[in-house]
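Have a look at the structure first.

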Amino acid sequence: MSTPPLNFEELVKYFLLSLKPRNYHQATLAAKELSLRYFLKWYAHHNYQISHLSKDLLWNYLQYVQALRKKDGSKYSPTSYSRFTLDLKQFLAWLYQHNHILLDLARVIKNPPRPGQRRPDFLTEAEVVMILNLPDINTPFGLRNRAILE
């Protein structure tokens, strides 16, 4: 006799239990549980089953997460949005590793930019040319410096 498939509530419970031996701090586990509760609530609201998980469905959820507000109506911080996304990725990877889903959907979710992390500023072509022309190629050090820059 086979056992009935686990529902998402049970899977989240087992996922969180699987993290305990890894020495996660209790506050971290509580935060992961909270962020996964948002996913469970959204998932249940739409009456989805585990078999419904797809790239498009995850995209819809991540858009929903961006619209989430705290009880006081204020927006969550970028750190919170990042945590929601990364916790979901970790959960999806666990589901895949334990054969609860057939596709590795964690791979379709891009890591959010870390809060406070700026994208690098790139030099323009004119700035590159200007820097390449800075060393005095009439001296041995200048010639060496030019070669290093090239």
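Predicted model: local features only at pLDDT ≥ 70, side-chain atom pairs only at ≥ 80, totals over all residues.

Two packed helices are described by the angle between their axes and the distance between the axes.

**H3 with H4**
- Helix H3 covers residues 55-67 and helix H4 covers residues 78-97; their axes come within 10 Å and cross at roughly 155°.
- That angle is over 145°, so H3 and H4 are roughly antiparallel to each other.
- H3 passes H4 in a right-handed crossing.
- On the H3 side, the contact is made by Leu 58, Tyr 61, Leu 62, Val 65 and Gln 66, while H4 brings Tyr 81, Phe 84, Thr 85, Leu 88 and Leu 92.
- Sorted by class, this H3–H4 contact has eight nonpolar residues, two polar ones and no charged ones.

**H2 with H3**
- Here the axes come within 11 Å and cross at roughly 115°.
- H2 passes H3 in a right-handed crossing.
- From H2 come Ser 35, Tyr 38, Phe 39, Trp 42 and Tyr 43, and they meet Leu 57, Leu 58, Asn 60, Tyr 61 and Tyr 64 of H3.

**The core**
- The largest nonpolar core has 32 residues, and the ones touching the most other members are Phe 8, Phe 39, Leu 53, Phe 91, Leu 92 and Leu 95.
- Helix H1 (8-19), helix H2 (26-45), H3 and H4 each give two or more residues to this core.
- Leaving aside neighbours within four places in sequence, Phe 39 is in contact with Phe 8, Leu 53, Leu 58, Tyr 61 and Leu 88.

Key
Residues numbered from 1 in each chain as written. Heavy atoms only, no water. Axes fitted to C-alpha atoms, helices over the stretch in contact; angles between N-to-C directions. Helix = DSSP H or I, 4+ residues; strand = E, 2+ residues; numbered from the N terminus. Parallel < 35°, antiparallel > 145°, perpendicular 65-115°, else oblique. Left-handed = near helix turned anticlockwise from the far one by under 90°. Contact = heavy atoms within 4.5 Å. Nonpolar A, V, L, I, M, F, W, Y, C, P; charged D, E, K, R; others polar. Core = buried A, V, L, I, M, F, W, Y, C linked by side-chain atoms within 4.5 Å. Buried < 20%, exposed > 50% of the residue type's maximum accessible area, 1.4 Å probe, protein only.
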